Amino acid sequence: MRRSLVVGNWKMNGSREKSRALLDDILKGLGQDLKSDVGVCPPFVHLPEVALALQGSSVLLGSQNVADQDEGAFTGEISALMLKEFGCRLAIVGHSERRIIYGESSALVAARYAKAIEHGLIPILCIGEILEERESERTFDVIGEQLDAVLNTAGVASLAKAVIAYEPVWAIGTGRTASTEQAQEVHCWIRSRIARLDSDVAENLQVLYGGSVKPDNAAALFSMPDIDGGLIGGASLDANSFLKICHSA
Ligand code: PGA
C-alpha cells in the first residue's frame, strides 16, 4: 500500500512573516492522526524561517527547484547541498512554470533531477501536457518524452527515491481540474510505462496529481487507485483549504 503525500507549492507568494504564519496555522491544524505525509515548498528565501518553525515536526520541507550543478559560476541557482543545509528533503523539478515561462528543457530538468537524487533530496518531477497537446491527442507523447529524459539520465532505479507529479498545464491555476477519470488514465499510463522497466519501482512510486486541487475535489481525485496525493498551488496558500486537502488524502 502506497502512502499518500500532499505537498504545498507556495510559488512566489508571501513574505517571511506570511510564510511563517501560514506554516504555524498548518501545524496547528494537522493533528496526530494524519494518514498521509505532508510537505511544503516555500520560496527559497523563506526556507530558513520555515525550517526553524518546522523543527520537531514531521512535515517535509521542500524547494521549488534545484541546480543541476554543485557549486561555481551559476548565477541565480541554488544547489542541492545548500538546500540540505536548511533541512530540505524534497525538491520540485520541471514544474511547468519553469519549463514554459523560463524555457527549461527536459534535458535540464533531468540534470536537476539527477543532482537531487545524487545528494539525497527527493525530487518531485512534474510532467504534463498543455491544452493544445491534449486536444491533438499528444498527451502521452509529451509526458513520455518528459519521463524518458529522466529515465535516460538517472535510470529507472532512481524513481525508488523520487515522486512524480502529473500536472496538466491547462489545469494549473485555472480552476479547471482534470476529471478523476482523465487524471486516473494518465496516472495509470505513467505507472504502466515504468512497470515495463521495473514493476517493483512502479508499484511503490507515489504519483501525485496537481492542477486546481481544492477541498471540494481532493477526496474524489485521491480515491483513484493510481493517484497517491497532490501537489497543491493556490489552495496551499490558505491554511484551512490546505488542511482540508491533507485530511482527504
Ligand atoms: P494550482 O497549482 O493548484 O494553483 O493549480 C498547482 C501547481 O502548480 O503545482
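Guide: In this predicted model, a residue is called buried when its relative accessible area is under 20%.

Visitor: Which residues of α5 are buried?

Guide: Under that cut-off, the buried residues of helix α5 are S106, V109, A110, R112, Y113, K115 and A116.

Visitor: Against which elements do the buried residues of α5 pack?

Guide: They pack against α3 (80–85), β4 (90–93), α4 (96–100), β5 (122–127) and α7 (139–154). Contact here requires heavy atoms within 4.5 Å.

Visitor: How do you know that the reach of α5 is close to what is expected?

Guide: Helix α5 covers residues 106–118, which is 13 residues. The expected span is 1.5 Å times one less than the number of residues, and for α5 this gives 18 Å. From first C-alpha to last, α5 reaches 18 Å, close to that expectation.

Visitor: Why is A183 called buried?

Guide: The relative accessible area of A183 is 0%. A183 is therefore buried, because this value is under the 20% cut-off.

Visitor: Where is A183 found, and which residues of α8 are buried?

Guide: A183 is found in helix α8, residues 180–195. The buried residues of α8 are T180, A183, Q184, V186, H187, I190, R191, R193 and I194. An α-helix has 3.6 residues a turn, so residues three or four places apart point the same way. As for its reach, α8 has 16 residues and runs 22 Å from its first C-alpha to its last, close to the 22 Å expected.

Visitor: With which residues is A183 in contact, leaving aside its neighbours within four places in sequence?

Guide: Beyond those neighbours, A183 is in contact with Y166, A178, Y209, L221 and I227.

Visitor: How many residues surround the ligand, and which are the closest?

Guide: The ligand is surrounded by 13 residues, and the closest are K11, H95, E167, G173 and S212. By class, the shell divides into four nonpolar, seven polar and two charged residues.

Notes: Residues are numbered from 1 along each chain as its sequence is written. This is a predicted model: local features need pLDDT of at least 70, side-chain atom pairs count only at pLDDT 80 or more; totals for chains, interfaces and linings use all residues. Side-chain values use heavy atoms; hydrogens and water are left out. A residue is near a molecule or strand if one of its heavy atoms lies within 4 Å of it. Ala, Val, Leu, Ile, Met, Phe, Trp, Tyr, Cys and Pro count as nonpolar, Asp, Glu, Lys and Arg as charged, and the others, Gly among them, as polar. Helices (H or I, at least four residues) and strands (E, at least two) are DSSP runs, numbered from the N terminus. Buried means under 20% relative accessible area, exposed over 50%, partly exposed in between (1.4 Å probe, protein chains only).
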